[in-house]
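Here are my notes on this structure, point by point. Please read them with the model open.

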Amino acid sequence: MYLVQLSLAPSGDAHSPAELKQALHDAAPGVVEHVRVHTQTRPHLVVSLFLRAASLDEAEAAAKRIWQHATTSCSPLAAWSLRRAEVPLHPYDVE
């Protein structure tokens, strides 16, 4: 399982649609395990997708496809653009 974060930018003053979480889950129910919308992030909205995938590259590619599918099935998402879809990499500090 991989955590992929989508960074989304609105066009104009668009607000995060209520259907966002469900639209992303419904876009690939066999791949999407969990969706979390982080509404307090700035300057872009961040959405965490927990995905079943075999590799990091596969997870990031799947996240992009899921976003594209969700935007076609949920018209309010058309006001948003995908800036990034990536697995957040954190430094590992061992003492």
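1. Does R42 count as buried or exposed? R42 counts as exposed, because its relative accessibility is 66%. The cut-offs are under 20% relative accessible area for buried, over 50% for exposed and partly exposed in between, with a 1.4 Å probe and protein chains only.

2. Ground rules. This is a predicted model: local features need pLDDT of at least 70, side-chain atom pairs count only at pLDDT 80 or more, and totals for chains, interfaces and linings use all residues. Residues are numbered from 1 along each chain as its sequence is written, and side-chain values use heavy atoms, with hydrogens and water left out.

3. Overall build. The protein has 2 helices and 4 strands. From the N terminus, the order is β-α-β-β-α-β. Its radius of gyration is 13 Å, close to the 12 Å that the globule rule gives for 95 residues, so the protein is as compact as a globular protein of that length. That radius is taken over C-alpha atoms, and the rule is 2.2 Å times the number of residues to the power 0.38. The C-alpha trace spans about 45 × 30 × 15 Å along its principal axes. Of the 95 residues, 35% count as buried. Helices (H or I, at least four residues) and strands (E, at least two) are DSSP runs, numbered from the N terminus.

4. Strand pairing. Strands pair if DSSP finds at least two bridges between them. Strand 1 (residues 2–10) runs antiparallel to strand 3, with 7 bridges. Strand 1 also pairs with strand 4 (residues 80–86), antiparallel, over 6 bridges. Strand 2 and strand 3 are antiparallel too, joined by 6 bridges. In strand 4, E86 has Q5 opposite.

5. The loop between strand 2 and strand 3. A hairpin of 6 residues links these two strands. Strand 2 covers 32–38 and strand 3 covers 45–51, with P43 in the loop between them. R42 is in that loop as well. Check the bond that joins R42 and P43: the peptide is cis, with omega about 5 degrees. For context, most peptide bonds are trans. The side chain of R42 reaches the backbone oxygen of T39 at 3.2 Å.

6. A buried polar side chain. S48 sits in strand 3. S48 is buried, with a relative accessible area of 4%. The side chains of S48 and H38 make a polar contact of 2.7 Å. Such a contact is a pair of N or O atoms within 3.5 Å; within protein, one must be able to donate a hydrogen and the other to accept it, and residues adjacent in sequence count only if both atoms are side-chain atoms.

7. The largest pocket. Its volume is about 200 Å³. The lining has 14 residues, with P10, A14, R42, L45 and W80 nearest the pocket centre. R42 and P10 are 32 residues apart along the chain, and their C-alpha atoms are separated by 11 Å. On a 1 Å grid over the protein atoms alone, a pocket is an open set of points where a 1.4 Å probe fits, with protein on both sides within 12 Å along at least five of seven lines; lining residues have an atom within 4 Å of a point.

How values were computed. Grid points are joined across faces, edges and corners, and a volume is the space filled by probe spheres set on the points.
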